[in-house]
Amino acid sequence: MLTKEQNDRLARVGPGTPGGELLRRYWVPFLPSAKLDEDPVQPVRLLGEDLTCYRDKSGGVGLIGRHCLHRAVDLRWGIPDENGLRCPYHGWLYNETGTCVEAPMEARPDMHKDRLKLPAYPVEEMGGLLFAYMGPQPAPLLPPWDLFVWPNAVRQMGVVKLNANWLQCQENTGDPTHGVWLHGFLFKYVLEKMGDQDRLARMTKTFMQQGVGIKDLYVHATEYGMEKGVIFSKELGAPEDKKSRHSTVIFPFYTEQNAAGAPWSEFQIRVPIDDEHTYHISYNCYAAPPGVEAPTQEKVPYYEVPLFEETGRLDEEGKPIRKPILDCILNQDFIGWWSQGPLTDRTAENLGRTDIPVVFLRRQLDEQIRVVEDGGDPMNVFRDPGEMGDILYGGGVPAEAWLDPDWAKTRPELVRNTRTQYHKGGAVWESDRYGPAIPLVGELHRRMEEAVQTAAS
Ligand code: FES
Ligand SMILES: [Fe+2]
């Protein structure tokens, strides 16, 4: 349980708030670059600020304030110029520093040049995503987190706006036992209600079994975030004594599932739009193992993850009744986040032993806010290229099982996992099933199976 003041300190993201100042020390991914191919001017709301992202005719990308300094017209309707964006109303031109460099209808078109400036933030691109830095200069380096830069892979990203503060999404990552119910018993209940006998028959008991024999939970800080998991005991009914690690936390807003090099891996990125909304990016990297070539992609595609489906029924007011999509894993997580309300009231919660890592995550966030308040750089802010290298592994290492050049001979069983069977309908459990790259991933998994057959012959 937190006090209201503590809750606000951790969760709010606007300029000048403790949490907002911390988040402004990071490069924040905010838009698939493929969106600018569809329309070179895009409205953006990020960390409580209304902005406009544009790509101009020379290919430069800018992120500037939303409303024109003349008479406040919304620049999302602006016109890309050779170098900058023009307001549609009277043609004032802004460059990527937010400076009004031309007011064409005025007697002296450059009259505002040293006078009027919109907020403007630097933008960089990596792995098909645009990142903004909204903090004090000098900006730190853009960290090459592994899934964005790993070679020989298929990629795609699913985006969705959630009516929930970013921290309740991120707290899911500090919660290693929710899968038993949310991805186990709830999944089964949903499939039963749908009458989906096919998937019920194929459903493994893994998630549900993870509720048996829990002795304790563990959590500790890592170089880039925290590690947490469950300690199982045979004495208490688990199949064996075992320490089971849960997904990786990269501070402040990333979760990494699996690691670079695996044929299925994912960043779940909780991008704070404002205090009550999150732009969630599920960024998938499907890597080809040694000896297999991944199908090529011209760019990283994106898709909107659907949250609801129509029921075909109407409510009392005659409006269509929609229900949440719950028959895939990430969508199950989504309901766990947004149904807590836009900014959950942590003064009313009742925590138990399964929340130990959640408490740790909040403490870590509070500590890093304090680092910023004391004038320092918080964790994962890099200024020295030597400190980062060309790739940063969120969990410290790549997916080692997949790095063996002889994997097809020594570990053929690796291709028999659901997540290596997208060519055989394996993409029915995860929300990435909605993505445009699924046929390419299927082709990758087919090539992997072929590699195993060749190695065996
Ligand atoms: S309102 Fe933008 S140029 Fe006039
Ligand atoms: Fe989950």
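**Cysteines, metal site, strands and helix**

Analyst: The sulfur of Cys328 lies 16 Å from the closest cysteine sulfur, that of Cys169, which is too far for a bond. This is a predicted model, in which local features need pLDDT of at least 70 and side-chain atom pairs count only at pLDDT 80 or more, while totals for chains, interfaces and linings use all residues. Residues are numbered from 1 along each chain as its sequence is written, chains are lettered from A and ligands numbered from 1 in the order in which they are written, and side-chain values use heavy atoms, with hydrogens and water left out.

User: How many disulfides does the structure hold?

Analyst: A disulfide is a covalent bond between the sulfur atoms of two cysteines. Here the term is applied to a pair of cysteine sulfur atoms within 2.5 Å. For Cys328, the closest cysteine sulfur is 16 Å away. The number of disulfides in the structure is 0.

User: Is Cys328 buried or exposed?

Analyst: Buried means under 20% relative accessible area, exposed over 50%, and partly exposed in between, with a 1.4 Å probe and protein chains only. The relative accessibility of Cys328 is 0%, so this residue counts as buried.

User: Which residues supply the protein donors of the iron ion (ligand 2)?

Analyst: Donors are N, O and S atoms within 2.8 Å of the metal (3.2 Å for Na, K and Ca); water is not among the atoms, so sites may look incomplete. The donors of the iron ion (ligand 2) lie 2.1 to 2.6 Å from it. In sequence, the donor residues follow the spacing H-x4-H-x149-D. His183 in helix α6 (residues 178-194) and Asp333 in helix α9 (residues 329-338) are 150 residues apart and link distant parts of the chain, and the donor atoms belong to His178 (NE2), His183 (NE2), Asp333 (OD) and Asp333 (OD).

User: What is the arrangement of the 4 donor atoms around the iron ion (ligand 2)?

Analyst: Four donors count as tetrahedral if all angles lie between 85 and 135 degrees; four count as square planar and six as octahedral if opposite donors are over 155 degrees apart and all others between 65 and 115; anything else is irregular. The 4 donor atoms around the iron ion (ligand 2) subtend angles of 54 to 144 degrees, so the arrangement is irregular.

User: Which residue of β6 is the bridge partner of Ile79?

Analyst: Strands β5 and β6 (residues 84-86) pair in the antiparallel sense over 3 bridges. In β6, the partner of Ile79 is Arg86.

User: What does helix α13 (residues 438-456) reach from its first C-alpha to its last?

Analyst: The expected span of a helix is 1.5 Å times one less than its number of residues. Helix α13 has 19 residues, and its reach is close to the expected 27 Å. Its buried residues, including Ile438 and Val452, pack against β12 (153-162), β19 (277-287) and α12 (407-410), contact meaning heavy atoms within 4.5 Å. From first C-alpha to last, α13 reaches 27 Å.

Notes
Helix = DSSP H or I, 4+ residues; strand = E, 2+ residues; numbered from the N terminus. Pairing = 2+ DSSP bridges.
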